[in-house]
Amino acid sequence: MSTAADDQFYREYILDHYKNPRNYGRLDNPDITHEEDNPLCGDVVGMDFRVQEGVIEDIRFHGRGCAISQASASLLTERLKGMALDDAKKIDKHDVLGELGIQISPARIKCALLSLKVLKVGAYGLADDEDEV
Amino acid sequence: MSSNGTGRLDVAAIRKDFPIFETGIAYLDSANTSQRPRQVTGAMLDYFEHFNSNIHRAAYHIADVATERYEGTREKVRALINAASTKEIIYARGTTEAINLVAYSWGRKNVKAGDLIVLTILDHHSNIVPWQILAAANGARIEYVDIDDRGELRQDQFRELLKRSPKLVAFSQVSNALGTINPAQEMVKAAKAAGATVLVDGAQGAPHQGVDVQALGCDFYAFSGHKMLGPTGAGILYGRRELLEAMDPFQSGGDMIKTVRIEGTTYHDLPWKFEAGTQAIGEVIGLGAAVDYLGGLGMDAVRAHERELTEYAYEALSDIEGLTLYGPPPSRRAGVISFALAGIHPHDLATIADRDQVCLRAGHHCAMPLMTRLGVPATARASFYVYTQKDEVDRLVGSIKEAQRIFK
């Protein structure tokens, strides 16, 4: 019962990022490291950052969970690598959802935004407030 | 209407009573909440449109009707679970509130520092967290009965724990996450012999099989209306009268009193002592209609239907490569099947199934200690009820194969 909708939801590049995550693993002695989970579905995403002179020189993520949470994290690390911290601070949920490029149902929005939460809470020490994400 | 004299449910006829199936959904999440037949929504609508008024207090006709229907549910429920008296049937919002009532009113008075509470790793959070809060407040300890590799409680370990004279034993009649049917009667008997007070969480029991609380022998039995064709907001706590009489109220205020004076208050008789404030009148009336509906089907026929479907689904899912089934064989489980697919997270499967209008649960099923014990973050779960047909199981199999195609 294949429909256009589900193929579009699980677009090829999302599945690709899920199966072949970019920047996956850990950094030795990272400048910043932070992990968040989503207890409802057991998704976990953590990120290690190496920051030099205000620029994210290197980044790795680790975790487990659904395709949306893991692909979202992989996509975000690609975007963050080499980015100035000041620019990274401006990334918001619209950017992350736009990058995924699919309609996310309310039930799955936390999966899609888990990696952004890691970035915000961990790297910027912002309050653990989902409204901020 | 239903079991056409052969002891088998006439599912096609039953489905006509449930307008929601006209939407074309395959509904495989009845362990979460069931659907409601027209008879239930109709009884509620009748109240809201024709005799909406408060109970127990007004001196006019429609209030008499409301009171009569509201109290009428109590007798229907009493008969359903064979309690000795309607005084032992307390209305609560659901299983969660019923267990909280016991933890608060019975627990705070009777559980002392150093006392042992025995729970199980199969329990729903609603039968864990209230006891953790009680234990923290009163200095009690909690031990959890583990499961074996088939997802069945380790009775040997349970017997060992009973030797330590627990004050309270509380367990699920049926696991909501794995469908395991626990040997409740034997467990209650052993726990009572060890001197424990026993609560049985019947949220997944009462909707699916005949229950006789006197034969079961437990002190408390809790269940929810919304998992048995009734509305949300109406559930039941059964308690043995002697215990209920000795307990203090849970919530307090209007309707649960006899007299209130500045010097002090005397409480109402059972069961109203535990029903403070204006109740969920329409919902309780709806629950009565649900009990009538199940009575018309016959609980033996309900159980037989679910068993047949579970065997069918178990076999169909067993044939799928890369699919892991959790829990006991179909003969020892209720209409619940938990499973996982290699390389596909349950939430991704549920999203793909949703595209086919297949309603499937994915998550920890409010049983995080059990998920930890199984070593998985989440499972997918299909669950069945009186209206479930094999075609819906076939549609689930189609969605699983579609997910495997997308993720291959």
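So, how do the axes of helix 4 and helix 5 of chain B cross, and within what distance do they come? Quick housekeeping before that: this is a predicted model, where local features need pLDDT of at least 70, side-chain atom pairs count only at pLDDT 80 or more, and totals for chains, interfaces and linings use all residues. Residues are numbered from 1 along each chain as its sequence is written, chains are lettered from A and ligands numbered from 1 in the order written, and side-chain values use heavy atoms, leaving out hydrogens and water.

Okay, the helices (DSSP runs of H or I, at least four residues, numbered from the N terminus). Helix 4 of chain B, residues 95–110, and helix 5 of chain B, residues 129–138, have axes that come within 9 Å and cross at roughly 20°. Axes here are lines fitted to C-alpha atoms over the stretch in contact, with angles from 0 to 180 degrees between N-to-C directions. That makes the two helices of chain B roughly parallel, meaning an angle under 35 degrees.

Now the domains, whose bounds come from an automatic or database assignment. Chain B has domain 1 (11–30 + 298–407) and domain 2 (41–295). Their centres, over C-alpha atoms, sit 28 Å apart, and 32 residues of domain 1 of chain B contact 31 of domain 2 of chain B.

Key. Angles under 35 degrees count as roughly parallel, over 145 as roughly antiparallel, 65 to 115 as roughly perpendicular and the rest as oblique. Contact means heavy atoms within 4.5 Å.
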